[in-house]
Each structure stands twice: as structure tokens, then as C-alpha cells.
Amino acid sequence: MRKNNKGLIKAVNILFLFILTTNLYGKGNSVSDSLCTHRIIRGNKGEILPWYKPEENGAAYSHVIKLASEFIKNDVPAEPETGFKLYYLFCEFQGPEYNKDFYKGITGRKTLPHNPACVFAGFTESLGVKYRIYSGDESYLEIVRKCLDHMLKNGTTPASWVWGNCPYASSFPGDTVYSGTGFWEIGRGDGQYVIEPDKVGEMGVAYLQFYEITEEPVYLEAACHCANALEKNIREGSYSRSPWPFRVQARVGDVLEQYCSNVLPPVRLFDELIRIKEQANISREDIEAYKKVRDMAWNWMFSTEGPMKTYVWKGYFEDVLWDNNNENRVQVTPMEVARYLIQHTGYDPNYKENVTALIGWCDGVFGTDGAKGYNAQSEQLKCFQPMGSHTARYASVCAMWYAAGGGDWYKTEAFENFNWATYCTSKKGVVSVGTGWSGSWFSDGYGDYIKHFIDGMAAIPEWAPADENHLLGSESVVQHISYGDKEIIYKTYHPASSEVLRLTAMPRKIAVDGIELKRKDDLKSDGWNWKKLDKGGVLRIVRSSGREVKISL
């Protein structure tokens, strides 16, 4: 389903439009009867329905993230020579549906650099922050811990370098110690001892999230190291030069690729450090420095030379050709900016227009437009194929915008794109990149894919399973949760937060740190309310203090 967002799609230049018209799919209107490993199921109007229990709202979304998460936990083999799980060594693998040798641990892709920062940061948010709490399975915490500890020990630059104590975005495939890569092809690959500052921001956020789960100082220190390197090395941005470059030689600071629109991860890192300054005892001097740098990056993004005006959304993927002319465009950054604006409306007085424009732009640029009989999203112009993780990202932002009052079109768009994305997950939990692609990426298929379905269910809770209890979303990192027959107990890092849960029945009582909350029609102050659905309902909680919540069922 498509909508005419007339007047809202900003500043798309003539060259870019030319690239689009010559690159888009649409050479035929044939509709395949299968996607990845599943036969297509369609509704009365020809729309794609999920492959798993299409008649039950929420069944498929919960099912595919369970399959994917449990695949990481139970089924990823170790590479025989090193003894490391494949996700420490390779960006991509072939699953058992496509390669009978998968369980031998030898199907990791050796012809592309690994992307450990994307994988480990994605695992932290998808598995450690979101699915662990959705499922109540604490074992995911240890998976994430091992990944982060490995990066700190084996993938971090020396403290004395210009970009010291920073994670590497890439590594040679098969290596257990990360140091960037050689120039994999002419004009391709980061280069050895080269880092990507936006991934310094992503890993900094991951370290900080893990600190907020565990309150172990080593992870706060790692997050601050990332923030300090970003603060030390920021520069004035322009149309062709972002506040941090895309690729930089970490030891001496030589810039290899000047422009990267993805300044949001560093902004997220600074915002959260500022938010927890008292709780984490961060010095006033550091906080003032973080505020200054955060505002420089944010203001550049919205300036006349930044991507919110120019729409030069470029620079994220480590495996594409170098792009010093800034010709490529990516979907990930504008969609994540839209998500952040929905979550922090006070940061942008024009957030309504900007969120609508960002969704519309990505729909027009990366959407399939139904030409193949379905709605799906591509990753970037340089790899223009419908992919599961990017389709799920787009769907989750549409769901969030619908929940924020954007209109019914966004709910339909979210539904159709989520449905397509379910087909990328096989019955064994292997998440394919997309149609016509037998490989699976740990970053896209697991670190990225899983969290989007959970965000979508948090925005539209009737899409969560009706016969199960789940905490779907919180404004705080949740440190621990236990689901019992008679009570649900969880504890958050932040003492002021709000949560949304899908429950099988209305609670009898809710208490925060032992003090009972009152049921209210509105939640302008501390309390809880209940929205009854056909089965069970939706519980929302708002509290200004207290960290442990007990829900009596």
C-alpha cells in the first residue's frame, strides 16, 4: 500500500532521482508463489499474510523472533579450528537449509570482511535488552557479555592512539583478534587499523546498555572511552564533511572517507550519559563536554548542509565500495532518526513533518512499490534488493508513528511489511537476508531483525500473542524480569519510566517498591490503566520513582 506524501519528501536532487529511476526494480510484474523457504499465504485482497498462523494476530511476529533468538542460543556451531562461534568470525553464513555442512562450522563467508561492531551492538539491543525481557530468558545475557568482553579484549584500539580505546568496525574473516581489514578489493574495505566513528557510537551505546543491566563499572568505563574519543575528535560539519568521518586511521587520525550521515549513535550515547550523570556519578566537566559535542552533531544534522535538509543519507556499511563522491544512499540512518524523533519529540519542533517526510522518502526510494506483489524495503542503492531486516525496521517505525497519531495508513504499511519480513525466517530459525539470497548475516538477520518486531508489538500491542504475558517496551533498560503464574516482577535501571505489557488478564494489583499504584483513566501522573481486548488486554504503567515493579495477577 502506498501513499502520496506530497510536499513532504525533501530536497531530493536531480542526480539522485536519475539514479533511482535507473536502479529500481519493476522490469516485470510476475508474482512468485514462495518467499525464501515458505509458500506465500495471501489474504482476500491479495495481500501477503504471515507464513505462521496467519489467522492469529501476533502469533507469527512472536514466533519468528523466538526462532531467530533460539537459533543464536542453541544452533550456531563453532568454527572447528578456533572453537569460536561463527558470529565471532564471519559476517555471513549458509544455514542448514542451503548447506549440509552448516553444523560442521565451516559455512562462514570467507570472501567478505567481518563486521563485529554491528553484530555485537545489535546482539546487545536485540537479545540482551529486548528479547531477554520479552521472553524472560536470562541466558541471553551471558551470550551478550561474552561478545562485549571479546571486543574489549580483542577488538579495541590502544589507548595511546588518536582514536584510542575504540572498537573496530571490521576484521579479516576468520580472525579472532580484530584490527580492521586490508583493502579487500580496489576501493573496498576499511583498511587495517581503520575504524568507523559511527560504530564507535553504536558500541558505546551497547556498552552503556549492558552497564545499565548489570551496573558493572567496566562497561560504563568502555562507554565513556567511546564517548571521549568522539568528543576529542569532532570537527565542524559541512555538506561534504560530517562531524565525524566515515573511515579514519585510528592510530594517527588520517581520514580515508570524509562523510557519514550516521551521527545518531554518538548522539544517543551522549544523551544517555547525560541522562544518567548523577546515577552513574559522571563528572560535571565530562557532562559539559558531552553536551557541547552532542549539540554540534545534532545541529549539523538539521542544518542547511546536513542530511535532514540535503537528504544525503550515506555511509554505514563497511563492505561497499568507497564513496568519496557521496553517491550512495542507505535506509538505516533516516529510519533510525525517524524512530528517535518519535521517541523524543521535544528534540525537534518540526518532528511531525520530519518523521512523515523520512518515512515517505524511504518508502519512495527503497520500497518495492508492490511491483513484485508485495511490500518490502531495500538496504541501499549499492545493494538494491528487498531484505528482511530493513523491511522490519521500516515496519517498526511505521507502527510507532501510527501509535503516535500518524494515521491508519502507517498501521497498514507496518502490517504488510512485517508480514513480508516473517518469510525471511525459516522453521529452523535461519534468517535469510532476503529473497534470492541464500546467505544469512548475523548483523542483519539477528542483531537488527529481532528488535524491530518487538518495537512493533510495543507500538501496537494487539499484535503480541493474546495467550501469553510479555513486557513489550520500557523507557528504561530492564535489569531483570520473572514471569510467574501469579505475579510478574521486574526491575529497571531508571527510577522514572513507563512500560507497556500485553497480558492474558487484568492485574489485581500493581506495586512499585512496595507502594501500590492506582488505576487511572489517564496516565498524566503515576498510575496504571488497562485496555481490554478480545482476549486479555494491554497494561500501561507510568511511575516517577521506584525501580522494582510487582504485578499481581
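Biologist: Which residues have the most contacts inside the largest nonpolar core?

Modeller: In this predicted model, the largest nonpolar core has 141 residues. In soluble globular proteins, nonpolar side chains tend to be buried together. Inside this core, the residues with the most contacts are Ile-72, Tyr-87, Phe-442 and Tyr-446.

Biologist: With which residues is Phe-442 in contact, leaving aside its neighbours within four places in sequence?

Modeller: Once neighbours within four places in sequence are left aside, its partners are Ile-72, Val-76, Leu-86, Tyr-87, Phe-90, Cys-91, Phe-93, Val-119, Phe-123 and Gly-447.

Biologist: At roughly what angle do the axes of helix H3 and helix H14 cross, and is the crossing left-handed or right-handed?

Modeller: Helix H3 covers residues 116–135 and helix H14 covers residues 442–459, and their axes come within 8 Å of each other. The angle between them is roughly 35 degrees, and the crossing of H3 and H14 is left-handed.

Biologist: How do the residues of the contact of H3 with H14 divide into nonpolar, polar and charged?

Modeller: On the H3 side the contact includes Val-119, Phe-123 and Lys-130, while on the H14 side it includes Phe-442, Tyr-446 and Asp-455. Taking the residues of the contact from both helices, the division is 11 nonpolar, 4 polar and 5 charged.

Biologist: Which are the edge strands of the open sheet of 5 strands?

Modeller: The order of this sheet is E13-E14-E20-E16-E17, and its pairing is antiparallel. Within it, 5 bridges join E13 to strand E14, residues 487–492, and the bridge partner of Ser-482 in E14 is Ile-489. The strands that pair on one side only, and so form the edges by definition, are E13 (478–483) and E17 (515–516).

Biologist: Is Ser-552 buried or exposed?

Modeller: Ser-552 lies in strand E20, residues 548–552, and, apart from neighbours within four places in sequence, is in contact with Lys-486, Glu-487, Pro-507, Arg-508 and Lys-509. Its relative accessible area is 8%, and because the cut-off for this class is under 20%, Ser-552 counts as buried.

Biologist: Which residue stands opposite Ile-195 in E7?

Modeller: An open sheet of 3 strands has the order E6-E7-E8, with antiparallel pairing. Strands E6 (194–195) and E8 (255–257) are at its edges, each with a single partner strand, so one side of each has no neighbour in the sheet. E6 pairs with strand E7, residues 247–249, over 2 bridges, and the residue opposite Ile-195 is Val-248.

Biologist: What is the phi of Lys-53, and what is that of Glu-215?

Modeller: Lys-53 is in the loop between strand E4 (48–49) and helix H2 (59–74) and is partly exposed, with a relative accessible area of 36%. Glu-215 is in the loop between helix H5 (197–214) and helix H6 (217–232), and at 35% relative accessibility counts as partly exposed. Neither residue is a glycine, yet phi is positive in each: about 40 degrees for Lys-53 and near 60 degrees for Glu-215.

Technical notes. Residues are numbered from 1 along each chain as its sequence is written. This is a predicted model: local features need pLDDT of at least 70, side-chain atom pairs count only at pLDDT 80 or more; totals for chains, interfaces and linings use all residues. Side-chain values use heavy atoms; hydrogens and water are left out. Axes are lines fitted to C-alpha atoms, for helices over the stretch in contact, and angles run from 0 to 180 degrees between N-to-C directions. Helices (H or I, at least four residues) and strands (E, at least two) are DSSP runs, numbered from the N terminus. A crossing is left-handed if the near helix is turned anticlockwise from the far one by less than a right angle, and right-handed if clockwise. Contact means heavy atoms within 4.5 Å. Ala, Val, Leu, Ile, Met, Phe, Trp, Tyr, Cys and Pro count as nonpolar, Asp, Glu, Lys and Arg as charged, and the others, Gly among them, as polar. A nonpolar core is a set of buried Ala, Val, Leu, Ile, Met, Phe, Trp, Tyr and Cys residues joined through side-chain atoms within 4.5 Å. Buried means under 20% relative accessible area, exposed over 50%, partly exposed in between (1.4 Å probe, protein chains only).
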